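Subject: Structure for you to look through

Hello,

Here is the structure I said I would pass on. Please open it and keep it beside this message while you read.

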Amino acid sequence: MKKIYTGILLLLAGILLSSSTFQPSFKIAKLKYQGGGDWYANKTSLPNLIAFCNKNIGLNLAPEEDIVEAGSTDLFLHPFVHMTGHGNVVFSSAEVQNLRNYLIGGGFLHIDDNYGMDKFIRPELKKIFPESELVELPFTHAIYHQKYHFNNGLPKVHEHDGKTPKGYGILYKGRLVVFYTYECDLGNGWEDKQVYNDPEEIRIKALQMGSNIVSYALTSY
């Protein structure tokens, strides 16, 4: 039943891409997790991304995100869930099963490493999909080519280790269910300008890529 319900929600979400006559029909969500990591980081990022999506790609998202816990059935009310942080992540066995059911039933999880999450999130993802590898997506993947085209992959928002930004994914039966942005700080680029004083060009690129992720999540199921 959960799988069917999620699929129906995603179908309705897809319809929103071609119509602006509906009231806001759903919220995107931020994932709350255990382990001590700052799941609540980037407080202004999702509201700004939502506003950008509503204005530029014709969505009708509610202006504020929901907070949803990894083990909650409320997860199934959200076709798009965002996760961020700098530190430790721990999923219980019940949360692992809940997240797996959500993702194989049509949900989508975007994880943005806010610098420091990488060594923690990888083993937790392996708990959810022990049969699947986290693989780097080619720049030809559709997630880089929605309304906006990123022929060279993810934009680099902030420098840390001087590494190239990477976009990794987990595919389930050919469908991308998890998109993991690493060495990119994409969510920082969605924040209010005064938070980091990033150049406007970088902020716009980050928001465009973010809107591509949301668009892909809502139409590729």
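Below is what was found in it, from the overall layout down to single pairs of residues.

Please keep in mind that this is a predicted model.

Overall layout

The protein has 7 helices and 7 strands. Starting at the N terminus, their order is α-β-α-β-β-α-β-α-β-β-β-α-α-α. Of the 221 residues, 55% are buried. If you take the contacts between residues at least 6 apart in sequence, 76% of them join residues at least 24 apart.

Strand S6 covers residues 166–172 and is mostly covered, with 5 of its 7 residues buried. S6 pairs with strand S5 (residues 135–136) in an antiparallel way through 2 bridges. In this pairing, Val-135 has Gly-169 of S6 as its bridge partner. S6 also runs antiparallel to strand S7 (residues 175–182), and 7 bridges join the two. One of the bridge pairs here is Tyr-172 with Arg-175 of S7. The hairpin of S6 and S7 has 2 residues between the strands, and Lys-173 in this hairpin takes a positive phi near 50°.

Helix H7 and the cores

Helix H7 runs over residues 200–219. From first C-alpha to last, its 20 residues reach 28 Å, close to the 28 Å expected at 1.5 Å a residue. H7 is mostly covered too: 14 of its 20 residues are buried.

Which residues touch the most other members of the largest nonpolar core? They are Phe-108, Ile-143, Tyr-144, Phe-179, Met-209 and Ile-213, in a core of 32 residues. Helix H2 (45–56), S7, helix H5 (186–190) and H7 each supply at least two residues of this core. The largest share, 8 residues, comes from H7. As background, nonpolar side chains in soluble globular proteins tend to be buried together.

Salt bridges

How many salt bridges does a search of the whole structure find? The search finds 9.

Glu-131 and Arg-100 meet through their side chains in a salt bridge, at 3.0 Å from N to O. Glu-131 is in the loop between helix H4 (118–128) and S5, while Arg-100 is in helix H3 (residues 93–104), so this pair ties together parts that are 31 residues apart in sequence. Glu-131 counts as partly exposed because its relative accessibility is 46%.

Lys-126 forms a salt bridge with Glu-133, and their closest N and O atoms are 2.9 Å apart. Lys-126 is partly exposed, at a relative accessible area of 32%, whereas Glu-133 is exposed, at 54%.

Regards

Definitions and conventions. Residues are numbered from 1 along each chain as its sequence is written. This is a predicted model: local features need pLDDT of at least 70, side-chain atom pairs count only at pLDDT 80 or more; totals for chains, interfaces and linings use all residues. Side-chain values use heavy atoms; hydrogens and water are left out. Buried means under 20% relative accessible area, exposed over 50%, partly exposed in between (1.4 Å probe, protein chains only). Helices (H or I, at least four residues) and strands (E, at least two) are DSSP runs, numbered from the N terminus. Two strands pair if DSSP finds at least two bridges between them. The expected span of a helix is 1.5 Å times one less than its number of residues. A nonpolar core is a set of buried Ala, Val, Leu, Ile, Met, Phe, Trp, Tyr and Cys residues joined through side-chain atoms within 4.5 Å. Contact means heavy atoms within 4.5 Å. A salt bridge is a side-chain nitrogen of Lys or Arg within 4 Å of a carboxyl oxygen of Asp or Glu.
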